[in-house]
Amino acid sequence: MPILSETTDDVTVLTIDRTHRRNALDLATLEELHAAVVAAVEGGSRALVLTGAEGHFCAGADLTELEDVSFTERLAEVLQHLAAVPVTTIAAISGSCMGLGMQLAVACDIRVVDSPARFAVPVAKLGLMVDKWTLDRVTRMWGEGAARHMVLTAAVLTDDDAWRLGFAQERGGLDTALGLAHRTVALAPLTQAGSKLGMGATPGPDADYATAFARAWASDDLAEGQRAFGERRSPRFVGR
């Protein structure tokens, strides 16, 4: 199985294991990854960590099997679903994070980057284009100058660049990402899910965010957080 899934204490680690292709994804593996994300969230996981086996995050799409634009259309659906899941998602990145690997990384909420790592959006080398959603996410998370550098000149950036430009939120390996994930699951899930809606929303009023906002303010978790603060103890959030 090219996607390995392991859940411990409400944290699911999804590992891409196609090491013969530096974890590049074909369509079958993309579908397996999507199914694993769905299963983890439906199974009650409160955080997901996405990583790659044997030193590489994901070297991109497996171009030996990429036939037409239908792959990119399905990829867009999978990426947008990953970005929208109501739990915190963390990309634990090392080695190659190119093309589709970059798309997976920007679909996650937080990035933990190890050394060495290399980042690129090499579409201009291949005559391809990525969807507008990907360009928007890369620009937001790298900054416009770095995004244009990678997309228009096929520049390859480093883990130091990722840290310097704010693409990486923490430096370290899978253990660092797991530590962050386990800290995350102790926090208020309604707040996290609603905040993700807000940060992904377009400017102006957003009905889904307004609903999530009202739900959080009326929740048992808010009352528990207030009690715990007054009692000087850690809150026990349950997501309602």
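Me: Which elements do the buried residues of α8 pack against?
Reply: This is a predicted model, where local features need pLDDT of at least 70, side-chain atom pairs count only at pLDDT 80 or more, and totals for chains, interfaces and linings use all residues. Residues are numbered from 1 along each chain as its sequence is written, and side-chain values use heavy atoms, with hydrogens and water left out. Helices (H or I, at least four residues) and strands (E, at least two) are DSSP runs, numbered from the N terminus. The buried residues of α8 pack against β2 (11-16), β3 (47-52), β4 (88-98), β5 (110-120), β7 (170-171) and α9 (189-200).

Me: Which residues of helix α8 are buried?
Reply: Buried means under 20% relative accessible area, exposed over 50%, partly exposed in between (1.4 Å probe, protein chains only). In α8, residues 174-184, the buried ones are Ala 177, Leu 180, Ala 181 and Thr 184.

Me: Why do the buried residues of α8 line one face of the helix?
Reply: The arc is taken from the directions from the helix axis to the C-beta atoms. Seen down the axis of α8, its buried residues line one face because they fall within an arc of 100 degrees.

Me: Is Glu 224 buried or exposed?
Reply: Glu 224 sits in helix α11 (residues 220-231). Its relative accessibility is 8%, so Glu 224 counts as buried.

Me: Which residues does Arg 22 touch, not counting residues up to four places away in sequence?
Reply: Arg 22 lies in the loop between β2 and α1 (27-42). Contact means heavy atoms within 4.5 Å. Arg 22 touches His 56, Cys 58, Ala 59 and Ser 96.
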